[in-house]
Amino acid sequence: MKWSHLLLTLGISLASCASQGDKVPDPLLNSSVLEDQLSEIMESDSHRLGITFSGRPTLVFSSGVTSALDVSADSKQYELEKYNSKAILFYLDRIDVSPFTVREIVDHALGHYYIDNRSKIIFGKNRDMNQDKKERLIDEGIAEYFRRQINNVQSGPGRLDQTDVRNRKADYVAGYYLVKPILDRFGVKKGVDYLLQHPLTYKDLTNLSGYQKRIITEMGRGKT
Ligand SMILES: [Zn+2]
């Protein structure tokens, strides 16, 4: 099984977050509370982003490194959640020491769930999580858009930076700034559908802003 991951991208290592005792406990950091509140969170996200989810993902909880579901060999210690068709796996002990709130991590994962929802409607199949850079940039960008929009995470002075493409962890940042103007302008539903139907090519990877401009121009002409 291939999963899509949310990585710690803020340069904060787990070791540097050792003072968990100072942290206010996150009420969602509890599997039964999260199960109970998921429908409400999804409804709130739907309103906020102007989208509709179909169904609801299965939640799986793990204490981390010992999980049989942890199939990836790289960057294992940084993963906070994984999404694979219909299921979100949460590493509760890692989330506990991460700089993100549980809600942020849930919203990021719901971004992946929404992409999967739309993929099933548009292409008749689940989103392939065996992604290379082209798909990862779009998927992580959309998932990050969910996280940042819903949680009012400031975008800061960041911008689309072509050099970010070389770094796997930077897919989150590069992807976010790649899709943000498109989703801001045309809305999440139209924007996601169009991005899925007009994916990046290998050539586009060398000119992300060119791709972004092309998508905005095409969508602006109503070519959807
Ligand atoms: Zn992700």
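This presentation describes the fold of one protein chain, from its overall layout to a few single residues.

Good morning. The model is a predicted one: local features need pLDDT of at least 70, side-chain atom pairs count only at pLDDT 80 or more, and totals for chains, interfaces and linings use all residues. Residues are numbered from 1 along each chain as its sequence is written.

I begin with the overall layout. The chain contains seven helices and four strands; helices (H or I, at least four residues) and strands (E, at least two) are DSSP runs, numbered from the N terminus. In sequence order, the pattern is β-α-β-β-β-α-α-α-α-α-α. Of the 224 residues, 34% count as buried. Here, a residue is buried if 20 or more other C-beta atoms lie within 10 Å of its own, exposed if 12 or fewer, and partly exposed in between, with C-beta atoms placed from the backbone. Two residues are in contact if their C-beta atoms, placed from the backbone, lie within 7 Å. Among contacts between residues at least 6 apart in sequence, 76% join residues at least 24 apart.

Let us turn to the strands. Strand β2, residues 58-62, pairs with β4 in the parallel sense over five bridges, where pairing requires that DSSP finds at least two bridges between two strands. Within this pair, Val60 has Leu89 of β4 as its bridge partner. Strand β3, residues 81-84, runs antiparallel to β4 and is joined to it by four bridges, with Tyr83 opposite Ile88. Is β4 enclosed or open? Four of its five residues are buried, so β4 is largely enclosed by the rest of the structure.

In a regular strand the side chains alternate between the two faces of the sheet. In β3, Glu81 and Tyr83 point one way, Lys82 and Asn84 point the other way, and all are buried.

The turn between β3 and β4 deserves a word. These strands form a hairpin with two residues between them. Lys86, in the loop between β3 and β4, has a phi near 80°, a positive value in a residue other than glycine. Lys86 is exposed, with 12 other C-beta atoms within 10 Å.

Next comes the nonpolar core, a set of buried Ala, Val, Leu, Ile, Met, Phe, Trp, Tyr and Cys residues joined through C-beta atoms within 7 Å. Which members of the largest core touch the most other members? Of its 43 residues, they are Ile105, Ala109, Leu110, Ile142, Phe146, Leu178 and Val179. At least two core residues come from each of α1 (31-49), β4 (87-91), α3 (102-123), α4 (133-150), α5 (171-186), α6 (188-197) and α7 (208-220). Leu178 touches Leu137, Gly141, Leu160, Leu208 and Gln212, leaving aside residues up to four places away in sequence.

Two packed helices are described by the angle between their axes and the distance between the axes. The axes of α1 and α3 come within 11 Å and cross at roughly 65°; axes are lines fitted to C-alpha atoms, for helices over the stretch in contact, and angles run from 0 to 180 degrees between N-to-C directions. This contact is made by Leu34, Ile41, Met42 and Asp45 of α1 and by Val102, Val106, Asp107 and Leu110 of α3.

I now come to α4. Of its 18 residues, 13 are buried, and α4 is thus mostly covered. At 1.5 Å a residue, its 18 residues should span 26 Å, and the end C-alpha atoms are 25 Å apart, which agrees; the expected span is 1.5 Å times one less than the number of residues.

Asn152 follows α4 and sits in the loop between α4 and α5. Its phi is near 50°, a positive value in a residue other than glycine. Asn152 counts as exposed, with 6 C-beta neighbours inside 10 Å.

Finally, consider Tyr176 in helix α5. Why does Tyr176 count as buried? Tyr176 counts as buried because it has 25 C-beta neighbours inside 10 Å. Tyr176 and Ile142 are 34 residues apart in sequence, and 6.5 Å apart in space, C-alpha to C-alpha. Not counting residues up to four places away in sequence, Tyr176 touches Gly141, Glu144, Tyr145 and Arg148. Thank you for your attention.
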